[in-house]
Amino acid sequence: MNNFIVLALIKKISSVKSDQELVQEYKEGGSMDVLGELYNRYMDLVYGVCLKYLKEQEEAKDSVINIFEELVSKLKRYEVANFKGWLYQLAKNYCLMKLRGNKSKPVNVEMDVMYFAENNHPDNAEEQEQKLVLMEECIKQLPQDQREAIELFYLKEKCYKEIAETTKIEINKIRSFIQNGRRNLKICMEKYVQETS
């Protein structure tokens, strides 16, 4: 089968299935072909975001590949209602963290994606940077059980079962700690925004 026919088939499949259908199919089956088809639709968008922030073509190209690799696990863990918007924010956060030169704290990127998936997106890099710094401070203010659960879930990418085994705490409590931690982070950040506006 030549490349022209393959491209035609991909294009035909792409026109039939929505982003949401592909997201669901990937979550259920984990097919890299499905994820590749989904990502291919927005690769130019991701590259544009990376080039805008990183300024270097080769670095932007490398980042497009790295972001795809992150999607393999991240897309399974989040409820994504709008894949294009979520991917845009993920790419933006990836670039900002790369610019900060701090690869030891992916929790900031993860939590930022989670938070901004439910809120208005900042329009510029400076505002985004301020949000990341604020989030770090708010994470430090969480009660210990919530902070530990959040860090294990997002930073170390542990599932509920693994966290329960590590901490010797029931899965239901772990789930509650993460949910409460997310809510408290949101409250902390919104409170700061109100106080400074």
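At roughly what angle do the axes of helix α3 and helix α5 cross, and within what distance do they come? In this predicted model, the axes of α3, which spans residues 32-40, and α5, which spans residues 57-77, come within 11 Å and cross at roughly 125 degrees, and that angle makes α3 oblique to α5. The crossing in which α3 passes α5 is right-handed. On the α3 side the contact is made by Met 32, Leu 35, Gly 36, Leu 38 and Tyr 39, and on the α5 side by Val 64, Ile 67, Phe 68, Leu 71, Val 72 and Leu 75. Sorted by class, these contact residues comprise 10 nonpolar and 1 polar, with no charged residues.

The cysteines can be followed next. The model has 1 disulfide, formed by Cys 138 and Cys 188, whose sulfur atoms are 2.1 Å apart. With -75 degrees about the S-S bond, this link is left-handed. Because Cys 138 lies in helix α8 (residues 125-141) and Cys 188 in helix α11 (residues 171-196), the pair ties together parts that are 50 residues apart in sequence. Cys 138 is buried, with a relative accessible area of 2%, and Cys 188 is likewise buried, at 17%.

Cys 50 is buried, with a relative accessible area of 0%. Cys 95 is also in no disulfide, its nearest cysteine sulfur being that of Cys 50, and Cys 95 counts as buried at 0% relative accessibility.

Key. Residues numbered from 1 in each chain as written. Predicted model: local features only at pLDDT ≥ 70, side-chain atom pairs only at ≥ 80, totals over all residues. Heavy atoms only, no water. Axes fitted to C-alpha atoms, helices over the stretch in contact; angles between N-to-C directions. Helix = DSSP H or I, 4+ residues; strand = E, 2+ residues; numbered from the N terminus. Parallel < 35°, antiparallel > 145°, perpendicular 65-115°, else oblique. Left-handed = near helix turned anticlockwise from the far one by under 90°. Contact = heavy atoms within 4.5 Å. Nonpolar A, V, L, I, M, F, W, Y, C, P; charged D, E, K, R; others polar. Disulfide = S-S within 2.5 Å. Buried < 20%, exposed > 50% of the residue type's maximum accessible area, 1.4 Å probe, protein only.
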